[in-house]
There are 2 protein chains.
Amino acid sequence: MGRKARYDKEQFIGGALKILAERGPAGVTMNAVAEETGAPIGSVYHRFVSRDVLMAELWFQVVESFQRGFLIALEQGDGLEAALHTPRWVREHPKEGRVLLLHRRDDFSRGEWPDDIKAHAVSLAAELRKGIRSFVRKKFGRMSKRAMDRTVFVLVDAPHAAVRRYLESDEVPPDIVDELIRETYYAVYKEDL
Amino acid sequence: MGRKARYDKEQFIGGALKILAERGPAGVTMNAVAEETGAPIGSVYHRFVSRDVLMAELWFQVVESFQRGFLIALEQGDGLEAALHTPRWVREHPKEGRVLLLHRRDDFSRGEWPDDIKAHAVSLAAELRKGIRSFVRKKFGRMSKRAMDRTVFVLVDAPHAAVRRYLESDEVPPDIVDELIRETYYAVYKEDL
DNA sequence: GACATATTAGAATAATCATTCTAGTATTGA
DNA sequence: TCAATACTAGAATGATTATTCTAATATGTC
């Protein structure tokens with residue numbers, strides 16, 4: 001049934017990642033991706049309905065990898081381990097780091113997106129929420145809006161903030177970042193929940 | 001000398017701000033700004049060399065206003081007052097809040113920008129640095145890289161982080177944000193500097 | 001081998017915008 | 001009133017890119 005494929009999604013996503021790291025988001029044109037991969041542009045469109053979808057899938061791939069490590073840290077180590085996962089992962093994945101800035105989780109609920117993209121976003125978010133929920137229960141014995149808000153700030157928002165300015169200018173987050181995340185962690189969790 | 005102006009910079013910047021709030025950054029096309037203001041596109045270009053410069057000036061105007069309040073808080077109140085200025089200001093200026101996400105301070109050092117834009121960026125950054133410096137000296141009696149890093153995190157990065165997700169989805173930051181900023185503040189400043 | 005079809009090829013098309021350009025127009029100053 | 005000029009007007013241009021389209025080309029299946 002049909003000809004054997006010479007190029008697959010992975011290659012195009014890989015090409016897009018490379019271009020993104022070198023030339024920034026605007027550099028990732030469909031022609032650039034095709035050229036980088038050595039494929040004709042038709043083949044890119046054969047795999048991805050649109051540029052938006054290609055970028056979305058790149059984002060999913062990266063976030064999935066990031067989130068996997070985060071959830072493992074959250075389950076095995078304690079919360080601090082998970083909070084520090086952000087700067088560590090970013091240091092180990094400099095190219096991928098910039099991809100994190102490309103979208104927010106709920107970009108895919110607004111607007112027109114293919115169903116599988118929407119579904120992917122939903123399941124990714126659910127997985128994260130579930131992980132954090134069960135962490136909160138483990139740590140505090142019960143669940144509350146307040147505990148969730150704080151935990152999201154300490155484990156997600158604060159680490160991302162600490163790291164963001166370095167991602168934006170292609171620098172490796174320095175050690176002080178870990179220190180600040182650590183202190184924020186102890187601070188916010190010292191309060192009664 | 002010459003005809004009286006019917007449209008000035010302020011009107012175009014105001015139009016751009018309105019469009020940004022309603023349709024997001026991509027919606028701010030030069031034609032949209034002209035239409036919103038009721039002016040012909042030629043008049044927009046008579047005031048701004050390019051779209052980039054228009055957007056830059058919008059950003060400057062907003063950041064300047066934000067920063068003014070921040071510096072006053074920093075000088076008059078203590079650091080906590082300044083840290084909390086971010087969520088407060090954003091609540092009072094919902095439209096302007098989104099503008100903050102448009103640029104980073106050092107966007108204007110890289111790349112081609114007119115000299116006055118560069119100068120504006122430099123002076124704005126200098127003013128902020130100066131304010132923080134003198135705050136650090138006032139609070140700790142001396143100056144150190146470490147104290148500066150921490151202060152920037154506590155007064156700038158953490159508040160921005162806490163607020164960012166709400167800005168991105170056009171929501172008003174809830175009270176918990178202030179609470180988190182406050183705790184982060186006490187935490188990080190409890191450590192010896 | 002011939003057919004069906006998944007895939008390659010990439011030139012042609014189309015849409016979107018920023019920007020330019022040429023022609024008027026109102027105001028100031030002489 | 002006249003000349004200089006800052007400004008209005010907006011149609012035309014140009015550049016950039018996403019996307020489409022038609023024609024080949026392999027490869028599995030009958």
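Me: What do the buried residues of H7(A) pack against?
Reply: This is a predicted model. In it, the buried residues of H7(A) pack against H4, helix H5 (79–92), helix H8 (145–168) and helix H9 (175–190) of chain A.

Me: Which residues of H7(A) are the buried ones?
Reply: They are Ile117(A), Ala121(A), Leu124(A), Ala125(A), Leu128(A), Gly131(A), Ile132(A), Phe135(A) and Val136(A).

Me: How far apart are the end C-alpha atoms of H7(A), and what should the helix span?
Reply: The end C-alpha atoms are 37 Å apart. Helix H7 covers residues 115–140 of chain A, and its 26 residues should span 38 Å at 1.5 Å a residue, so the two values agree.

Me: What follows H7(A)?
Reply: Gly141(A) does, and its phi is positive, near 80 degrees.

Me: Which residue has a positive phi although it is not a glycine?
Reply: Asp170(A) has one, of about 55 degrees. Asp170(A) sits in the loop between H8 and H9 of chain A.

Me: And what is the phi of Asp170(B)?
Reply: Asp170(B) also has a positive phi of about 55 degrees, and again the residue is not a glycine. Its loop runs between helix H8 (145–168) and helix H9 (176–190) of chain B.

Me: What is the relative accessible area of Asp170(B)?
Reply: The value is 48%, so Asp170(B) counts as partly exposed.

Me: Back up a bit. How many helices and strands does chain A have?
Reply: Chain A has nine helices and zero strands. Along the sequence the pattern reads α-α-α-α-α-α-α-α-α.

Me: What does the C-alpha trace of chain A span along its principal axes?
Reply: About 60 × 35 × 30 Å. Chain A has 193 residues, of which 49% count as buried.

Me: In chain A, what share of the contacts with a separation of 6 or more comes from residues 24 or more positions apart?
Reply: Those residues account for 67% of such contacts.

Me: Now two single residues. Where is Glu57(A), and is Glu57(A) buried or exposed?
Reply: Glu57(A) is in helix H4 (residues 51–76) of chain A. Its relative accessibility is 17%, so Glu57(A) counts as buried; the cut-off for buried is under 20%.

Me: What does Glu57(A) touch, not counting residues up to four places away in sequence?
Reply: Glu57(A) touches Lys9(A), Ile13(A), Phe48(A) and Ile117(A). Ile117(A) is also one of the buried residues of H7(A).

Me: And where does His160(A) lie?
Reply: His160(A) lies in helix H8 of chain A. At 31% relative accessibility, His160(A) counts as partly exposed.

Me: Change of topic, the two chains. What rotation superposes chain A on chain B?
Reply: A rotation of 179 degrees, with 0.2 Å of shift along its axis, and the RMSD is 0.1 Å. The two copies are therefore related as by a two-fold rotation axis.

Me: What share of the interface residues of chain A are also interface residues in chain B?
Reply: The share is 100%, so the copies meet through the same surface.

Me: Last part, the DNA. How many residues surround DNA strand C, and which are the closest?
Reply: There are 22 residues around DNA strand C, and the closest are Arg6(A), Tyr7(A), Met30(B), Tyr45(B) and Arg51(B).

Me: Which atoms of Arg6(A) and Tyr7(A) lie by a phosphate oxygen of DNA strand C?
Reply: For Arg6(A), a polar side-chain atom lies 2.7 Å from a phosphate oxygen. For Tyr7(A), a backbone N or O atom lies 2.9 Å from a phosphate oxygen.

How values were computed: Residues numbered from 1 in each chain as written. Chains lettered and ligands numbered in written order. Predicted model: local features only at pLDDT ≥ 70, side-chain atom pairs only at ≥ 80, totals over all residues. Heavy atoms only, no water. Near = heavy atom within 4 Å. Polar contact = N/O pair within 3.5 Å; in protein donor to acceptor, adjacent residues only side chain to side chain. Least-squares fit on C-alpha atoms with pLDDT ≥ 70 in both. Contact = heavy atoms within 4.5 Å. Helix = DSSP H or I, 4+ residues; strand = E, 2+ residues; numbered from the N terminus. Buried < 20%, exposed > 50% of the residue type's maximum accessible area, 1.4 Å probe, protein only. Expected span 1.5 Å × (residues − 1).
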